[in-house]
Amino acid sequence: MRAFVLLVIFVSFFDLFTQLPIISPYAKSLGASPFLIGLTVGMYSFANTIANIASGILTDRNGAKRILLIGLLATALSLFSYVFATHPFSLLVVRFIHGLTAGLIVPSAFTLLANIGTREQKGKNAAISGAFVGSAAILGPAFSGIVANRVGELVVFSSVATLMLFLGLFSYLFLRDINIETETKQAEKLIFNDRLYKAFAGAFFLMFAQGALAYLLPLKTIELGGTTATSGLLLSTFGIIAVLLFALPTNRVFDQLNPLNGLAFGMIAIGLSLIAIGSMTTLAPMFLLMGGYGVGFAFLFPSLHSLLIDATSEKNRGKAYGYFYAFFSIGVIAGSSITGWISKTINSGFILTGVIVISASIAIRFIHKK
């Protein structure tokens, strides 16, 4: 069952990452203005934030298996509904529905994965799930870019919808008869303790950096004479390094490492990489720096999950994961919008983001809730 839940996590993030290269051009092809294009891109994250919180609450009340099944089938239907988006405003509605349905999946899937694992291997388990997320980040944009270029964006949506539909059917067949002791309708109140606050803050600033990177890296690459393909290779470099650290025997270190130290190291590595990228005048060293960013991501992601698991029980972990992934969505929006609003140049945007992330890492590591 663990392998099946990991597959669900992969497909859920694959759905997310396939959208990145194609939503803006698709909205533009339907006649959307620049404002509506931006709104269309952001609408998914907005709806996702709401659904993540709702998913956590419903998971603790009704069980992770049931919410996971509903999320998979509803997301499949929402992806098929892109065919009805024939003008910008109908696309906006479909994006909102897609964000709502997809937001049900991740908190319930990670809750199920955490509850069937052991606390002694929480770091390794989180690292393995991170490998599936990283693989989706590498394969998703490449798949959608190639398919959309050859046969159109609707084929991308329908292909992912078909995957979701099959997973939903398999989850109904395979998970319904599996008894999990932690599945309960007697949810406990979630206690917001020091470790939980730090997990939420780390999630926000991780995706703050990701949002800024997604906004700034293509611009920086073009400024230095590269192309969008070069930008894609740079992003793949970060993903490949992270996946290798997650999947190789090096993942054992995440069970032995104090998650607060892993959090601090990961955020500092990400921050320093961003500052260094902002000062680059040639493209070649940026591949090495994106590898450093991948190392930071590899340490930060499992550390955040370890903090969250330590801070919760099986009866309130769904709520915690709901809030956790809501902070993921908010961080992406904040990273791209705040960086674009405050920074006057591309380089200053990288440096500003790096300084913010490093400062946050020090605060999260050493400031304790009274």
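# A guided tour of the predicted model

The model is predicted, so local features need pLDDT of at least 70 and side-chain atom pairs count only at pLDDT 80 or more, while totals for chains, interfaces and linings use all residues. Residues are numbered from 1 along each chain as its sequence is written, and side-chain values use heavy atoms, with hydrogens and water left out.

**Overall fold.** Switch to a cartoon display: the protein has 15 helices and zero strands, taken as DSSP runs (H or I of at least four residues for helices, E of at least two for strands) numbered from the N terminus. The radius of gyration is 20 Å, close to the 21 Å of the globule rule for 370 residues, so the protein is as compact as a globular protein of that length. That radius is taken over C-alpha atoms, and the rule is 2.2 Å times the number of residues to the power 0.38. Along the principal axes, the C-alpha atoms fill a box of roughly 55 × 50 × 35 Å.

**The core.** Next, select F13, F110, F246, F324 and Y325, the residues with the most contacts inside the largest nonpolar core, which has 99 residues. Such a core is a set of buried Ala, Val, Leu, Ile, Met, Phe, Trp, Tyr and Cys residues joined through side-chain atoms within 4.5 Å. Helix α13 (residues 284-310) supplies the largest share of this core, 13 residues. Centre on F246: leaving aside neighbours within four places in sequence, its contacts (heavy atoms within 4.5 Å) include A127, I128, F254, F297 and F301.

**Aromatic rings.** Now show the aromatic side chains, which give 29 aromatic pairs. Rings of Phe, Tyr and Trp (its six-membered ring) pair if their centres lie within 6.5 Å; planes under 30 degrees apart count as stacked, over 60 as edge-to-face and the rest as tilted. Select F14 and F143: their ring centres are 5.4 Å apart and their planes at 50°, so the pair is tilted. This pair links distant parts of the chain, with F14 in helix α1 (residues 2-19) and F143 in helix α7 (residues 122-151), 129 residues apart. F14 is buried, at 8% relative accessible area, whereas F143 is partly exposed, at 28%.

Finally, select F13, F17, F110, Y321, F324, Y325 and F328, which form one aromatic cluster.

Key: Buried < 20%, exposed > 50% of the residue type's maximum accessible area, 1.4 Å probe, protein only.
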